[in-house]
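Subject: Structure handover

Hello,

Here is the structure I promised you. Please open it and keep it on screen while you read. My notes on its pocket and its cavity follow.

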Amino acid sequence: MQLRQLEYFLAVWEAGSFSGAAARLYVTQPSLSQQIGALEKELGAVLLERGRQGVTLTPAGRVFLPRAQDVLRVVQDARDSVREVVEGRKGDVHVLTVRSVASGILPPSAARWHSTYPSTVLRLHDYSHRRDLEEAMRSGQGDIAVGPRPHLWEGPVHSLGYEEMVVIGSAEYPADTSASPAELAAADWVLYEQEQGMSEVVDRLAGHFGFTPRAVARTGQVSAALLFAVEGIGVTVAPENAVPLRWSRHARRIGTGYFRELVVFSRKQPSQLAERYRDMLTSVELPLTTERDLPDGAVRFQNVS
């Protein structure tokens with residue numbers, strides 16, 4: 001049984017004649033009759049009866065009509081639903097990211113997205129480490145990803161800017177105060193567990209300045225590390241955008257500045273909605289530093305495999 005046969009059957013009933021249905025469908029009457037005959041043969045019953053007053057439904061036709069209408073209605077609903085997703089009017093967008101970005105970078109864009117596309121759902125999935133984020137994207141768990149630049153990525157990658165890493169401690173400092181490499185080397189540290197992506201940032205930072213952090217505490221959460229640092233257990237490093245405003249005076253620049261690039265990336269053929277969210281991210285103002293505004297001498301953190 002073919003959808004076309006159901007459509008032809010319904011057209012004949014609505015037009016009241018084979019000739020009228022053929023004209024509406026832009027097919028020849030013999031072709032239309034052949035398709036109806038094939039449908040009746042498959043069902044084992046005559047559905048339509050020709051008469052002087054036109055075509056009427058047989059008892060089998062009266063039973064079959066609402067079922068055929070239901071099938072065609074479901075098919076049309078399916079077509080409409082797919083079209084709405086393709087055109088970007090409805091659907092879900094699965095956005096994968098790392099936790100610090102989820103809380104510090106994406107909320108404004110999520111609010112703007114909802115106001116622009118209220119019939120869609122933005123589904124956010126966050127990961128502790130950027131390697132877990134990349135693995136999830138490669139396995140098809142997301143439509144688009146926002147995070148540090150991925151390693152050897154084959155799909156499109158668009159830079160969003162740079163997030164500054166700052167050092168947090170118990171003391172409060174005036175704005176634009178920097179922590180020297182010697183001070184960092186002498187300090188006690190609240191470090192991150194290896195499954196937390198910030199551990200990679202601290203390792204690269206310590207390697208760049210040539211010291212080994214002296215750990216007094218470890219945690220898997222940025223929020224806990226910040227709290228421990230402010231309470232005076234030791235210093236820690238976190239993205240500036242993840243530091244609550246009430247603790248902003250506890251944050252200091254690292255040397256001349258230590259930055260990590262953030263990008264939005266996807267598979268080779270992202271969905272229409274994913275492309276729209278990417279375009280929104282690359283066009284709105286984010287709490288990030290642009291390439292042009294990086295301080296002179298700033299260090300850019302690069303991922304390793």
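Start with the largest pocket. Its lining is made of 16 residues. Asp176, Glu240, Ala251, Arg252 and Arg253 are the ones that lie nearest its centre. Keep in mind that this is a predicted model.

How much space lies in the largest pocket? About 300 Å³.

Next, look at which elements build the lining of this pocket. Two strands, β6 (157-168) and β11 (251-265), each supply at least two residues. The largest share comes from β11, with 3 residues.

The lining of the largest pocket can also be sorted by class. There are 7 nonpolar residues. Another 6 are charged, and 3 are polar.

Now turn to the cavities. How many of 30 Å³ or more does a search of the whole structure find? The search finds 1. The largest cavity has a volume of about 80 Å³.

By class, the lining of the largest cavity has 5 polar residues, 4 nonpolar and 4 charged.

Then colour each lining by class.

Best wishes

Definitions and conventions
Residues numbered from 1 in each chain as written. Predicted model: local features only at pLDDT ≥ 70, side-chain atom pairs only at ≥ 80, totals over all residues. Heavy atoms only, no water. 1 Å grid on protein atoms, 1.4 Å probe; cavity = no way out; pocket = protein on both sides within 12 Å on 5 of 7 lines; lining within 4 Å. Points joined across faces, edges and corners; volume = space filled by probe spheres on them. Nonpolar A, V, L, I, M, F, W, Y, C, P; charged D, E, K, R; others polar. Helix = DSSP H or I, 4+ residues; strand = E, 2+ residues; numbered from the N terminus.
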